[in-house]
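Morning, everyone. Please look at the structure on the screen, and I will walk through some side-chain contacts and a metal site.

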Amino acid sequence: MKLALLSESPADEAGIHFLAEVVLGRKVQRVRPHLRARGWPNVAQVLPPIIKHLHFNTDTDGLIVVVDCDDTVVHTERHEAEGYFHPHCRLCQLRAIFRQTTKRLPAANGRKRVMRCVGLAVPAIEAWYLCGRDDTVTEDAWRLGQESGHLPYTRSELKRRVYGTTRPSLKKSIECAVKEVARHRRDVRRLETDFPGGFGALANDLRDWISQKH
Ligand SMILES: [Zn+2]
């Protein structure tokens, strides 16, 4: 299976690539060049031309996009209702961009479209890295904190818990990402339980790839 990955750093890519292989149950080959965006809103801006490029110029099966939620709306079960779209949810926004961009594309390179896979790390990818070793870090904890005005932790604190510093080197970031995601090498159920909206959506999109391919 071939996939492209759009993320904000090579460390994120290492972690997401590993988790994608666990969900898919097979090795995935990355399509190069590696794509990178400079955070939000840059991801949303570069996404349409990237989708078109992958569609017409490569034979990649799908594109994985993962962004940090930061202080925006958490994607929840409610957003999954047919036709629902939350204008301030980054995951809903990215799905809409996929939909609009691929709507009128003719088939190319043997497939109808580049499959979509979108994830939202709440509030940042370091929260996923802490899954299974820090029970206080969950999507629910963050969302309830947003609603009450008392956030349970900051993004800097999450970084410190994962890397031991808020400004890790690239090498250190990759080492920590790989080490933390290895806890989920057998399955990703814990991640889906603790991060149902943002990680659950990513896992579901990946499973849809498999069912569409066979
Ligand atoms: Zn949403």
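Start with R116 and D205. Their side chains meet in a salt bridge, N to O at 2.8 Å. R116 sits in strand β5, residues 115-121. D205 sits in helix α9, residues 198-213. So this pair ties together parts that are 89 residues apart in sequence. How accessible are the two partners? R116 is partly exposed, at 28% relative accessibility. D205 is buried, at 4%.

A word on the source: this is a predicted model. Please keep that in mind for every distance and angle I quote.

How many salt bridges does the structure hold? The count is 20. I will pick out a few.

Take E157 and R161. They form a salt bridge, with the closest N and O atoms 3.7 Å apart. Both residues belong to helix α6, residues 155-163. They are four residues apart there, so about one helical turn separates them. E157 is partly exposed, with a relative accessible area of 30%. R161 is partly exposed as well, and its relative accessible area is 30%.

Next, E21 and K27. Here the closest N and O atoms of the salt bridge are 3.4 Å apart. K27 counts as exposed, because its 68% is over the 50% cut-off.

Salt bridges also join up into a network. Which residues does that network link? They are D70, D71, R90 and R155.

Now the aromatic rings. The structure holds two aromatic pairs. One of them is W128 with F199, and that pair is edge-to-face. The ring centres are 5.2 Å apart, and the planes make an angle of 90°. W128 is in helix α4, residues 125-129, and F199 is in helix α9. So far as sequence goes, the pair links distant parts of the chain, 71 residues apart. Both W128 and F199 are buried.

Then there are W142 and Y153. Their ring centres lie 5.7 Å apart. Why is this pair stacked? The planes are at 25°, and the cut-off for stacking is under 30 degrees. W142 lies in helix α5, residues 139-148. Y153 lies in the loop between α5 and α6, eleven residues apart from W142.

Last stop, the zinc ion. Which atoms are its protein donors? They are ND1 of H75, ND1 of H79, SG of C89 and SG of C92. These donors lie 2.1 to 2.3 Å from the zinc ion. Along the chain, their spacing is H-x3-H-x9-C-x2-C. H75 comes from the loop between β4 (62-68) and α3 (90-102), while C92 is in helix α3 itself. So H75 and C92 tie together parts that are 17 residues apart in sequence.

What about the geometry? The four donor atoms subtend angles of 105 to 114° around the zinc ion, which makes the arrangement tetrahedral. For reference, the ideal angle for four tetrahedral donors is 109.5 degrees. As for accessibility, H75 is buried, with a relative accessible area of 1%. C92 is buried too, with 5%.

That is my tour. Over to you for comments.

Terms used
Residues numbered from 1 in each chain as written. Predicted model: local features only at pLDDT ≥ 70, side-chain atom pairs only at ≥ 80, totals over all residues. Heavy atoms only, no water. Salt bridge = Lys/Arg side-chain N within 4 Å of Asp/Glu carboxyl O. Buried < 20%, exposed > 50% of the residue type's maximum accessible area, 1.4 Å probe, protein only. Helix = DSSP H or I, 4+ residues; strand = E, 2+ residues; numbered from the N terminus. Phe/Tyr/Trp six-rings, centres within 6.5 Å; stacked < 30°, edge-to-face > 60°. Donors = N, O, S within 2.8 Å, 3.2 Å for Na, K, Ca; no water. Tetrahedral: all angles 85-135°; square planar, octahedral: opposite > 155°, others 65-115°.
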